[in-house]
Amino acid sequence: MSADRVTVIKHPLVQNNLTRLRDRRTGPQEFRRVLSEVTALMIYEATRSFAVKPRQITTPLARARGCQLRNEVIIIPVLRAGLGMLESILQLIPHARVGFIGLKREEKSLRALFYHKSLPRDLTRFEVLLVDPMLATGGSAVSAMELITELGAKRVTLVNLVAAPEGIAHVQAHYPRLPIFTAAIDRKLNQNGYIVPGLGDAGDRLFGV
């Protein structure tokens, strides 16, 4: 596992909220709210390298130089758990477009299988934020990356709340230059492909089913 493209966000507010999400006593309503809060904090770090261009504006008092994002942004949550991260990112980047990738993990082989795709035909001009709370085996992330790179994506950032070393290694074996932002790299995967200690099934905890 190469560490140079993986950023672990250790900000106290991020780690405080991650602890609340890990707690099995946290119910779906609080889980949704806290996941939204921690996502907003993480996105500040994940978008730090986004390119900007200068812009002249007029304040109520005078002309001023400012800047704006150089490239259009698209947020791509991996369904279903990625939906829990979407709204808070849109609060920060309201002009962003939204695509969707639905992937279901086959229980025996742990392979990621597509069940939904809704994306622009050409992602060349976009800054892509690929978001999913859990990076476990890495199968879903690699499958999603294969799809979006086929559509021309050049600038992609992967944002996960919790990652397993095995998942990071799998993603980096296929996409070594992909920036990964996470709040924690946990110990391992168990025999069922779940992150330990992790936080359980993020989708189940978000939606209560």
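Where in the chain is the place of T26, in a helix or in a loop? In this predicted model, T26 falls in the loop that runs between α1 (12-22) and α2 (28-46). The relative accessibility of T26 is 9%, and T26 is therefore classed as buried, the limit being under 20%. A polar atom of the T26 side chain is placed 2.6 Å from the backbone oxygen of R20. When neighbours within four places in sequence are set aside, the contacts of T26 are with R20, F31 and R205.

The crossing of α2 past α3 is right-handed. On the α2 side, the contact involves L35, S36, T39, A40, I43 and Y44, which meet G84, M85, S88, I89 and L92 of α3. By residue class, this contact of α2 with α3 comprises seven nonpolar and four polar residues, with no charged residue.

Because its relative accessibility is 0%, A144 counts as buried. With residues up to four places away in sequence not counted, A144 touches I101, L103, F114 and L130. Between A144 and L206, the separation is 62 residues in sequence, and the C-alpha to C-alpha distance is 21 Å.

Note on methods. Residues numbered from 1 in each chain as written. Predicted model: local features only at pLDDT ≥ 70, side-chain atom pairs only at ≥ 80, totals over all residues. Heavy atoms only, no water. Helix = DSSP H or I, 4+ residues; strand = E, 2+ residues; numbered from the N terminus. Buried < 20%, exposed > 50% of the residue type's maximum accessible area, 1.4 Å probe, protein only. Polar contact = N/O pair within 3.5 Å; in protein donor to acceptor, adjacent residues only side chain to side chain. Contact = heavy atoms within 4.5 Å. Left-handed = near helix turned anticlockwise from the far one by under 90°. Nonpolar A, V, L, I, M, F, W, Y, C, P; charged D, E, K, R; others polar.
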